[in-house]
Amino acid sequence: MNNPLKVMGPLLVLWAMALAVAAPAVADVKQLAATCVACHGPKGISNNDLWPNLAGQHEIYLIDQMKAFRDGSRKDPLMSATAKTLSDADIEQLAAYFSGLSDKQPPVRGKENMAGKSVSGACISCHGMWGKPVNSQWPVISGQKKGYLEKQLKDFRDGTRESPVMSVIVKGFTDQQIKDVAEYYSQFRRD
Ligand code: HEC
Ligand code: HEC
């Protein structure tokens, strides 16, 4: 006779082992993220205009940026020290965690920045019509903090943040054009 326990027993053991392996990973990522949420917010939405939202950002892009902070090719007084403490495995787990959080912010109801819309003609080929690129290596910029977007564009223009692609795009931009296009993209919903 077929004893169901004989069949189920080993499966149960495997299942328990799988849980034992998976469980600490989940706990670990929450623990790791505890150091980040002070600035990036418990749901990946920061409460400071100069600190980026991470929720819903592309995973590969998040990995690239954390590695850039860690190896010093991207610098920031608040971010660099934290990044230096992260292993490759930490970075991968954190990127998966934050990119998986969804951003349910209500849409910004202010007046649409039309000057920014006109500047955005130079962006849509890569960042898409609404700031959501099809390529997962390029960042989502819709619903990102206005002040953060503005600072990044100035950093690219002034060479403080390196990106061969972005530096060329914003090279001739005035401060006003940068301000307008930053506001324009910050006005979209992310999800
Ligand atoms: C003390 C505040 C602070 C803490 C803590 C912090 N960050 Fe940041 N983070 C920042 C700031 C500020 C920036 C933007 C820097 C700039 O202007 O270039 C940033 C940028 C980033 C970026 C780049 C986002 C983008 O769109 O390019 C990632 C990814 C990131 N942080 C992940 C993390 C993770 C993961 C942790 C936790 C391990 C963490 N940060 C902890 C302040 C912080
Ligand atoms: C040819 C493709 C291309 C075009 C066109 C382009 N971008 Fe980008 N953008 C990129 C890439 C690639 C990155 C990632 C750079 C890096 O690795 O640091 C980026 C990064 C950014 C970032 C940083 C996002 C973050 O989370 O830190 C902002 C902001 C941005 N772009 C805004 C714009 C705006 C506004 C325009 C139009 C004026 C524009 N981009 C046009 C490819 C492009």
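Predicted model: local features only at pLDDT ≥ 70, side-chain atom pairs only at ≥ 80, totals over all residues.
## Overall fold

The protein chain has 191 residues, of which 38% count as buried. Among contacts in the protein chain with a separation of 6 or more, 70% join residues 24 or more positions apart.

## Shell around ligand 1

The shell around ligand 1 holds 21 residues, and C36, C39, H40, Y61 and M79 come nearest. By class, 13 of the shell residues are nonpolar, five are polar and three are charged. Both domain 1 (1-104) and domain 2 (107-191) take part, each giving at least three residues to this shell.

Polar side-chain atoms of R74, K151 and Q152 lie beside oxygen atoms of ligand 1. The distances are listed in the table further down. Two or more residues of the shell come from each of α2 (37-40), α3 (59-71) and α8 (146-158). Helix α3 gives the largest share, five residues.

## Shell around ligand 2

Ligand 2 is surrounded by 22 residues, the closest being C123, C126, H127, Y148 and M166. Of the shell residues, 16 are nonpolar, five polar and one charged. Helices α3, α7 (124-127), α8 and α9 each supply at least two residues, and the largest share, five residues, is that of α8.

Side-chain polar atoms of Q65 and Y148 are placed beside oxygen atoms of ligand 2, whereas H127 has a polar side-chain atom beside a nitrogen atom of ligand 2.

The side-chain distances for both ligands are as follows.

| Residue | Ligand | Ligand atom | Distance |
|---|---|---|---|
| R74 | ligand 1 | oxygen | 2.8 Å |
| K151 | ligand 1 | oxygen | 2.8 Å |
| Q152 | ligand 1 | oxygen | 2.9 Å |
| Q65 | ligand 2 | oxygen | 3.5 Å |
| H127 | ligand 2 | nitrogen | 2.8 Å |
| Y148 | ligand 2 | oxygen | 2.5 Å |

## Helix α8

Helix α8 contributes to the shell around ligand 1 and to the shell around ligand 2. The helix has 13 residues, and its first and last C-alpha atoms are 18 Å apart, close to the 18 Å expected at 1.5 Å a residue. Its buried residues are G147, Y148, L149, E150, Q152, L153, D155 and F156. This list includes Q152, which has a polar side-chain atom 2.9 Å from an oxygen atom of ligand 1, and Y148, which is one of the residues closest to ligand 2.

The buried residues of α8 pack against α9 (164-170) and α10 (175-186). Just after the helix, G159 takes a positive phi of about 80°.

## Helix α10

Helix α10 is made of twelve residues and reaches 16 Å from first to last C-alpha, close to the 16 Å expected at 1.5 Å a residue. I178, D180, V181, A182, Y184, Y185 and S186 are its buried residues. These pack against α6 (114-119), α7 and α8.

Q65 is placed in helix α3. Its relative accessible area is 15%, and because this is under the 20% limit, Q65 is buried. Apart from neighbours within four places in sequence, Q65 is in contact with R74 and R161. R74 also has a polar side-chain atom 2.8 Å from an oxygen atom of ligand 1, while a polar side-chain atom of Q65 lies 3.5 Å from an oxygen atom of ligand 2.

A83 belongs to helix α4 (residues 80-84). A83 counts as buried because its relative accessibility is 0%. Leaving aside neighbours within four places in sequence, its contacts are with M66, F69 and R70. A83 and M66 are 17 residues apart along the chain, and their C-alpha atoms are separated by 6.1 Å.

Definitions and conventions:
Residues numbered from 1 in each chain as written. Chains lettered and ligands numbered in written order. Heavy atoms only, no water. Near = heavy atom within 4 Å. Polar contact = N/O pair within 3.5 Å; in protein donor to acceptor, adjacent residues only side chain to side chain. Helix = DSSP H or I, 4+ residues; strand = E, 2+ residues; numbered from the N terminus. Nonpolar A, V, L, I, M, F, W, Y, C, P; charged D, E, K, R; others polar. Domains from an automatic or database assignment. Buried < 20%, exposed > 50% of the residue type's maximum accessible area, 1.4 Å probe, protein only. Contact = heavy atoms within 4.5 Å. Expected span 1.5 Å × (residues − 1).
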